[in-house]
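Visitor: I would like to learn how to read strand pairing. Can you take me through an example?

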Amino acid sequence: MKYLIIFFSAFLLTACKKDKETIQNSTPADSLSITKDSAKTETASGKVLVDIIPFPKEIKECSCYFARNKVDFEAEKYIYADDAGKTAYMKLDGKRLTMNLISSSDMEVDEELTKEIESDNYKISVKGKKIKSEEALLFEGTLTIEKSDGTVETIPIYGECGC
């Protein structure tokens, strides 16, 4: 009986040891394994990201500056500013840009405001209608941004031009 118990115990130890080896050598699909996603993520894909800018220090006198709406304008959350002459300022796709004004309408002649701005990667068109005339002229309109890749973004604007 003594030999039978020793033999049975040795058999159980060997059997348990083989199970452990089998588990260790197998390569199960672990739920903790990390797989790479094949999809690429792009920031603002197909859109132009327009950020708020502080009023540019470069502008000393006459200027035009616009926000997305009246509330943002009153909170000084501008998305566009220019020196009413040669240079426009915006923050597009995370980069602060200084761009050349190509053309600008004479706001005293009619009630319409139009501006054309260009840089290496963007063409911007500002169109607005005068809504109030005081020291500065208030405008509502649209700002259209066209990227060199063909992406077009149009956003409403509210702001003023004056000296």
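Guide: Start with E4 and strand E5 (residues 95–104): six bridges join them, and they run antiparallel. This is a predicted model, where local features need pLDDT of at least 70, side-chain atom pairs count only at pLDDT 80 or more, and totals for chains, interfaces and linings use all residues. Residues are numbered from 1 along each chain as its sequence is written, and side-chain values use heavy atoms, leaving out hydrogens and water.

Visitor: What counts as a strand, and what counts as a pair?

Guide: Strands (E, at least two residues) are DSSP runs, numbered from the N terminus, as are helices (H or I, at least four residues). Two strands pair if DSSP finds at least two bridges between them. Here, Leu92 has Lys95 in E5 as its bridge partner.

Visitor: How many residues lie between E4 and E5 in their hairpin?

Guide: Two. Asp93 in that turn has a positive phi of about 50 degrees.

Visitor: Which bridges tie E4 to strand E3 (residues 78–82)?

Guide: Two bridges, again antiparallel. Asp82 stands opposite Ala88 in E4. The hairpin of E3 and E4 has four residues between the strands, and Ala84 takes a positive phi near 55 degrees.

Visitor: What joins strand E1 (residues 50–51) to E4?

Guide: Two bridges, with the strands antiparallel. Val50 faces Leu92 there.

Visitor: Why is E4 largely enclosed?

Guide: Buried means under 20% relative accessible area (1.4 Å probe, protein chains only). Five of the six residues of E4 (residues 87–92) are buried, so the rest of the structure largely encloses this strand. Across the chain, buried residues make up 30% of the 163 residues.

Notes: Buried means under 20% relative accessible area, exposed over 50%, partly exposed in between (1.4 Å probe, protein chains only).
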